Amino acid sequence: MTLTPDVAAGFARLTLGHVGQRYPFKLDQVLTGPEDLREPHEIHPIFHGSFDWHSCVHGWWQLLTIARLFPDLPEALEIRRRAEEMLVPDKVAGELAVLTRPYAAGFERPYGWAWALALHGEAVRHDAAWGAALEPLARAFAERFHQHLPKLTYPIRVGTHFNTAFALTLARDWALDHDPALVTLIDMRARHWFGEDRGCQAWEPGGDEFLSPALCEALLMSRVLGDGFAGWFDVFLPDAVAGRPQSLFTPAVVSDRSDGKIAHLDGLNLSRAWCWRSIAAALPAHPIAPVARDAADDHLAASLPHLADDYMGTHWLATFALLALTV
């Protein structure tokens with residue numbers, strides 16, 4: 001299960017079909033008066049497609065990544081054309097204005113924050129003005145991480161958008177190149193929250209989760225601990241080599257892909273595949289490596305064929321498939 005040009009083109013076509021699709025759209029907004037009742041594209045000049053703000057952000061990350069990896073695809077030409085139209089300073093200024101609204105401190109925290117950083121990190125890898133245009137938005141969200149992490153007494157371990165470890169994995173990857181102080185802060189907080197975790201029970205998934213709390217934590221700690229990760233992993237999941245807890249090795253069953261919450265479970269399978277492949281890459285000589293790779297393949301097989309089954313999955317799942325296939 002690898003990322004071929006044909007697979008990448010298929011992902012790109014799916015996402016090009018919805019990053020500019022205005023409806024349906026789910027706003028994340030606190031109304032302070034009737035003047036706040038505006039069309040989504042008026043509030044969000046760039047990220048008004050893909051059903052919700054964060055899905056549109058990471059849809060753009062996915063598109064730019066594909067355009068870089070496969071620049072000769074016909075879809076890459078369309079991606080660049082649309083990026084020239086959308087990822088421009090005046091539209092970014094409109095997105096920044098959202099952050100100054102009353103009650104906006106928690107807007108898209110932390111999932112959307114992290115994806116905004118990832119998008120900027122991808123944009124600067126291109127020979128285009130997109131990265132420079134997006135930088136003020138990325139810096140604004142990085143500052144929010146700086147302000148928020150010291151006062152987050154407890155990590156959030158749920159398998160949905162609020163998961164702390166997932167967001168910090170993306171944020172840390174960005175900060176390595178753009179904000180060394182944020183790397184230091186993330187590492188300090190991750191060690192504080194997760195460094196002494198032992199014997200994870202992995203009672204998951206919940207019925208609407210698209211992230212594995214256990215594996216997202218392990219993935220973050222693989223980044224933070226470096227050579228010390230193997231020792232931490234061995235006490236965090238001491239029976240993993242034997243395939244336990246079984247829940248982490250068993251793909252989720254998705255009973256109704258037209259139900260937006262139940263469809264999250266396809267995302268769980270794809271994000272677990274990303275985590276398992278990343279853990280195997282971090283521990284290539286550890287006996288968990290082949291077990292993790294097999295688990296990743298099982299999870300991919302369960303959900304990769306279903307990206308286009310229903311819009312409740314189509315508007316976001318390809319991003320997580322791309323994460324898994326680019327490890």
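Which helix holds I186? The points below take that residue first, then a helix pair, then the cysteines.

1. This is a predicted model. In it, I186 sits in helix α9, which spans residues 180–194. I186 is buried, because its relative accessibility is 0% and the cut-off for buried is under 20%.

2. Leaving aside residues up to four places away in sequence, I186 touches L149, L168, A171, R172 and L220. I186 and L69 lie 117 residues apart in sequence. In space, their C-alpha atoms are 29 Å apart.

3. Helix α12 covers residues 264–282, and helix α13 covers residues 288–303. Their axes come within 8 Å and cross at roughly 160°. Angles over 145 degrees count as roughly antiparallel, so α12 is roughly antiparallel to α13. The crossing of α12 and α13 is left-handed.

4. On the α12 side, the contact is made by D266, N269, L270, R272, A273, W276, R277 and A280. On the α13 side, it is made by I288, A289, A292, R293, A295, A296, D297, H299, L300, A302 and S303. By type, the residues of this contact are 11 nonpolar, three polar and five charged.

5. The disulfide count is zero. C275 is in no disulfide. The nearest cysteine sulfur to that of C275 belongs to C216, 4.3 Å away. A disulfide needs the two sulfur atoms within 2.5 Å.

6. Are C56 and C275 buried or exposed? C56 is buried, with a relative accessible area of 0%. C275 also counts as buried, at 0% relative accessibility.

Notes. Residues numbered from 1 in each chain as written. Predicted model: local features only at pLDDT ≥ 70, side-chain atom pairs only at ≥ 80, totals over all residues. Heavy atoms only, no water. Axes fitted to C-alpha atoms, helices over the stretch in contact; angles between N-to-C directions. Helix = DSSP H or I, 4+ residues; strand = E, 2+ residues; numbered from the N terminus. Parallel < 35°, antiparallel > 145°, perpendicular 65-115°, else oblique. Left-handed = near helix turned anticlockwise from the far one by under 90°. Contact = heavy atoms within 4.5 Å. Nonpolar A, V, L, I, M, F, W, Y, C, P; charged D, E, K, R; others polar. Buried < 20%, exposed > 50% of the residue type's maximum accessible area, 1.4 Å probe, protein only.
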